Amino acid sequence: MHRRLFMKTSAAAALAAGLPASPSLAQAPADFHIAAVLAFSGAYGIIGKDMRQGVEIAVAERQGRVLGKPIRISWEDDETRPQPAVQKATRLLANGAQMIFGAVGSASTLALQSLADQRKVPLLVTISADDKITRVGGSRYTFRTSNTLGMEIRMCVEFAKARGLKKIYGVTADYQATRDGWELFQAEAKKAGIGIVGNDYAPLGNRDFSVIVDKMAKSDADGIAVMITGNDAVTFLKQSGQVGLGKTKAQFGPVLQDETLAAAVGPASVGVFSGVRYHFSVDNAANKKFVEAYRAKYNEWPSSFAGEAYDGMSWWLDVVDATKSWDREKWVEAFRTSTRENSVEGRKVMRTCDHQAAQVGLWGEVVEGQAPLPPLTMKITNTFDAANLFEAC
Amino acid sequence: MTTSHLGRLAMAAIIAAMILVPVIQTSEESLNLVSLILIWALFAIGFDLIFGMAGMLSFGHAALFGSGGYALTLLVTKAGVGFVPALGAAGMVGAVMAFGLSIFALRVSGLFFSLLTLALAQLVYILASTKLRSHTGGLDGIPGVPRPELFGIDFYDNRNYYYFLIVVFIVGIAVMALLRASPFGKALQAVQANDVRAAQIGYNVQRLRQCAFMISGFYAGVSGALLASLMFYISPQMLHWTTSGDVLIMTVLGGKGTLLGPILGVAVFEVLKEKLSQYTQHWYGILGLIFILCTIFLPNGIAGLFARKAAGRPGDAP
Amino acid sequence: MSTIVIGLSLSFLLFLLAAGLTLIFGMLGVINFAHGALYMLGAYVCFQIVNWTGSFWIGLLVAPLVVAALGGAMEIAALKPVYERDHIYQLLLTFGFILVIEEAVKIVWGLDYKQVPTPDLFSQPVALFGSQIPSYRLFIIGFGATVSLALFLLLERSRLGMVIRAASSDADMAQSLGIDVAKVRTAVFALGAGLAALGGVVAAPLVPIELGMGFSVIIDCFVVVIIGGLGNIRGAILAALLLGMARAAGFTYAPEWVELITFVLLIATLMTRPAGLFSRKGRAA
């Protein structure tokens with residue numbers, strides 16, 4: 001029965017795209033159903049949990065309704081693997097979900113993209129950073145409101161320039177996106193007259209960086225570019241901390257640290273520089289309101305995952321609401337040309353060409369925080385202009 | 001283990017009923033779930049040919065499964081081969097990979113066979129996710145794996161694809177039933193029971209094992225290709241050793257050494273995963289508990305429930 | 001030279017990770033897939049103890065005991081009924097344990113990262129051979145060497161070891177000689193679980209403590225155990241040394257090939273000497 005209804009509405013939607021009249025609200029579904037496919041177990045489980053908390057604030061802010069109907073979200077765990085991600089999203093779409101939210105890992109997100117295109121449902125991405133997710137001529141139904149790895153790499157270059165670093169030693173995860181990232185960094189650094197004294201590709205999931213750290217310590221580099229994220233980044237910083245690498249060389253990376261990862265590293269994270277996707281300290285009215293609501297509800301500071309999820313979802317829901325239509329094509333058309341003036345990170349502009357939100361880049365340093373701040377917290381040191389971080393389409 | 005005629009009939013009836021659920025109940029959810037079960041069941045009955053019939057525990061089937069998926073993806077998208085020939089080719093690639101593995105792995109026996117197949121498959125996984133990334137898409141995989149185009153039917157519609165899967169599945173299970181009943185099947189059982197005696201009465205034991213392994217590889221290749229096509233996506237995750245672990249668990253859960261047991265195992269495994277995760281966050285742990293209880297109390301798997309009483313010692317195979 | 005010191009620390013860490021796995025296999029014939037989960041549990045329990053007491057050393061002492069007790073309970077409750085069956089059932093059972101342990105850890109400690117700081121005593125690097133070597137690495141070498149020696153003596157030279165070996169090579173005979181085989185098995189499994197936890201505690205200051213950590217070490221453990229020869233403690237020590245040194249050299253010259261090298265080594269061993277590179281005749285499992 002559900003299927004028939006789904007087939008009818010999608011057929012109607014497809015027809016309606018070319019017709020002047022939008023489907024009347026009488027035909028609208030009972031609720032606005034979001035298929036949220038995130039990681040809730042394993043290493044990325046914490047990310048899924050925070051994203052959920054962020055989204056719940058966004059939904060609560062609008063009294064749980066959009067287009068006059070209640071918002072219903074199905075939270076599914078993809079175990080950070082593409083196959084369960086596609087499987088669970090397929091099931092939810094079959095049950096009438098109007099959009100997909102997720103995933104966490106870039107591989108899962110890339111897999112969901114084919115599904116979204118196939119089923120013609122919007123896919124909202126607020127965490128996966130792989131550049132391939134938003135590209136010119138890419139998926140019509142995918143939108144990313146958060147950072148790309150590419151822009152974070154450019155922030156690294158801007159930081160190296162601003163800091164006056166002369167020689168860089170890199171360590172890069174043996175993974176396509178980070179390899180591309182390192183190539184980009186190397187090229188941009190050379191243009192800026194910064195020397196590269198070495199780079200090691202470490203296997204993903206590497207648990208021992210001591211030999212690489214030793215090579216770095218012996219080199220004459222004044223900067224250590226860490227093109228590694230998540231668990232491996234924590235492992236690297238814990239181990240480089242044991243020889244005090246950061247005392248003589250600036251350690252920095254595109255997504256090296258935030259409050260969550262700094263807590264995992266411990267004291268060795270102090271003085272490490274990193275790109276920051278969202279930060280609760282950003283000073284604007286929208287952010288103050290969000291942080292207040294978040295702290296009141298969860299009694300903790302919103303992480304970058306929570307903030308990005310909140311930001312992307314509230315932007316999306318506002319745009320959907322403004323279309324006053326249940327036609328998914330209308331949502332897509334409206335979102336691809338929209339601008340968020342009052343995002344929690346400042347102004348965000350959805351680029352029509354690749355569906356990537358252009359935005360400022362935040363850059364910070366891990367410092368010791370005073371209560372009520374977390375014991376290790378990011379201090380925003382630089383805010384880079386969007387124009388320097390995104391290539392024109 | 002022997003199942004009674006009645007038991008086998010009952011199992012067949014349950015499986016047939018399950019497969020036909022989406023025909024009656026029109027929700028896409030059951031359609032998707034049954035499609036998944038059909039594919040994994042094909043993989044599991046192929047796996048059981050060497051595990052249950054020939055008594056060799058391969059921990060390298062993920063490599064066969066995944067290479068089938070990659071073969072189909074690359075042949076259709078890069079070389080422009082039609083879907084059905086590519087599906088056959090995926091099976092062949094699975095068989096050839098199995099042949100390759102067997103050259104190494106059949107030099108050792110018992111537990112070492114399992115470990116060597118595990119190590120070789122893991123090597124394939126590492127190669128696919130790193131050094132061969134230009135072909136495999138690395139850990140990000142390849143999105144947009146196609147579906148068949150036949151007789152003007154749109155197989156991108158899940159229902160049509162589901163009918164396609166039923167056809168492949170029925171062919172697969174019929175061939176497997178014939179194989180198991182054939183002299184080849186009997187010879188495999190003889191080898192499992194006592195390989196020295198089997199050699200003495202004139203069987204070429206190594207050749208038999210190699211053949212079984214390749215047929216099993218063919219099934220793995222085809223099912224891997226079908227899964228990639230169902231998901232529109234393939235990644236080295238399919239080659240990871242946990243995939244081998246999954247098919248093993250399903251087979252043991254269902255009842256190794258039986259034709260229909262593994263299919264029930266697949267169904268129970270997939271349905272449990274799917275349903276538990278909808279109702280509780282703690283599905284992971286509950287699934288673990290169920291495995292533990294099944295292992296202790298259902299030594300012959302689900303198929304054991306359909307067996308004659310006192311059909312051999314518990315856990316004694318076959 | 002510094003590479004050798006680091007290589008040694010890698011080796012002993014690998015040995016600590018794998019010792020329990022090879023012990024349980026050698027003495028009980030059980031492939032314990034839950035080894036990685038017990039390793040993770042060890043790290044979490046250590047985190048909890050450090051949180052309460054502020055002392056890593058208490059954690060090092062207590063966490064393995066806690067996990068060993070749990071291991072003993074697991075053996076009594078679940079493994080006992082399946083010893084007589086095929087290996088595959090034990091494997092399946094321990095796989096079930098992975099899921100249950102992970103779920104329990106998730107319920108107790110939640111999803112966020114935990115960390116155990118490097119103990120103060122070993123938090124400063126030492127200058128050695130022109131490198132700054134973390135003193136914690138030197139601790140791992142010393143501690144690992146002590147544990148391996150102790151295990152070797154326990155199993156090969158002590159009366160208790162004799163009893164264990166007797167029970168594993170012929171349970172019926174041992175039983176009729178008055179050895180309580182059931183108790184010995186429980187003790188061995190508990191010891192193996194405790195060793196897994198010990199590995200987790202020692203690794204805790206080096207890696208993030210999170211739910212996936214057990215999963216990621218299990219393959220490494222298998223590599224050591226296989227190259228050393230299944231169930232062969234002496235072989236595991238030598239295999240860990242070989243592998244640790246090979247990895248240190250690999251990370252020095254070609255980090256991106258390290259994983260491939262590991263597997264090629266493993267496959268070569270299985271092909272040429274399946275009973276392990278370091279097996280004596282008749283010691284093969």
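Me: Reading along the sequence, what pattern does chain C follow?

Reply: In this predicted model, chain C runs α-α-α-α-β-β-α-α-α-α-α-α-α. Counted up, that comes to 11 helices and two strands.

Me: How compact is chain C for its length?

Reply: For that you hold the radius of gyration against a rule for globular proteins. Chain C has a radius of gyration of 19 Å, close to the 19 Å that the globule rule gives for 285 residues, so chain C is as compact as a globular protein of that length. Its C-alpha trace spans about 60 × 45 × 35 Å along the principal axes. Buried residues account for 57% of the 285 residues. And if you take contacts in chain C between residues at least 6 apart in sequence, 77% join residues at least 24 apart.

Me: Now the neighbours. How many residues of chain C are in contact with chain A?

Reply: Start with the counts, then ask which elements supply them. On chain C, 30 residues are in contact with 34 residues of chain A. The elements of chain C that each supply at least two residues to that side are α1 (2-28), β2 (131-134), α5 (135-157), α10 (233-253) and α11 (258-272). The largest share, four residues, comes from α1(C). By class, this side of chain C has 16 nonpolar, nine polar and five charged residues.

Me: And which elements give two or more residues to the side of chain C that touches chain B?

Reply: Here 29 residues of chain C are in contact with 29 residues of chain B. Two or more residues come from each of α4 (87-109), α9 (213-228) and α11 of chain C. The largest share is from α4(C), with 14 residues. The classes on this side are 22 nonpolar, two polar and five charged residues.

Me: Let's zoom in on chain B. Is Val205(B) buried or partly exposed?

Reply: Val205(B) has 18 other C-beta atoms within 10 Å, so it is partly exposed. Its place is in helix α10 (residues 205-231) of chain B. Leaving out residues up to four places away in sequence, Val205(B) touches Val191(B), Asp195(B), Ala198(B) and Ala199(B). Of these, Val191(B) is 14 residues away along the chain, with a C-alpha separation of 6.7 Å from Val205(B).

Me: Over to chain A. What does the domain assignment give?

Reply: A domain can be built from more than one stretch of chain, as you see here: domain 1 is 2-147 + 283-358, and domain 2 is 150-276 + 361-389. Their C-alpha centres lie 30 Å apart. Where they meet, 11 residues of domain 1 are in contact with 15 residues of domain 2. The domain 1 side of that divides into five nonpolar, four polar and two charged residues.

Me: How do I read a strand such as β9(A), and which residues point which way?

Reply: In a regular strand the side chains alternate between the two faces of the sheet. In β9(A), Gly223(A), Ala225(A) and Met227(A) point one way, while Ile224(A) and Val226(A) point the other way. Five of the five residues of β9 (residues 223-227) are buried, so the strand is largely enclosed by the rest of the structure.

Me: Which strands are joined to β9(A) by bridges?

Reply: Strand β7 (residues 167-173) of chain A runs parallel to β9(A), with five bridges between them. One of the pairs there is Gly170(A) with Ala225(A). β10 (residues 250-253) of chain A is also parallel to β9(A), through three bridges, and Gly223(A) has Ala250(A) as its bridge partner.

Notes. Residues numbered from 1 in each chain as written. Chains lettered and ligands numbered in written order. Predicted model: local features only at pLDDT ≥ 70, side-chain atom pairs only at ≥ 80, totals over all residues. Contact = placed C-beta atoms within 7 Å. Nonpolar A, V, L, I, M, F, W, Y, C, P; charged D, E, K, R; others polar. Buried ≥ 20, exposed ≤ 12 C-beta atoms within 10 Å, placed from the backbone. Domains from an automatic or database assignment. Rg over C-alpha atoms; globule rule 2.2 N^0.38 Å. Pairing = 2+ DSSP bridges.
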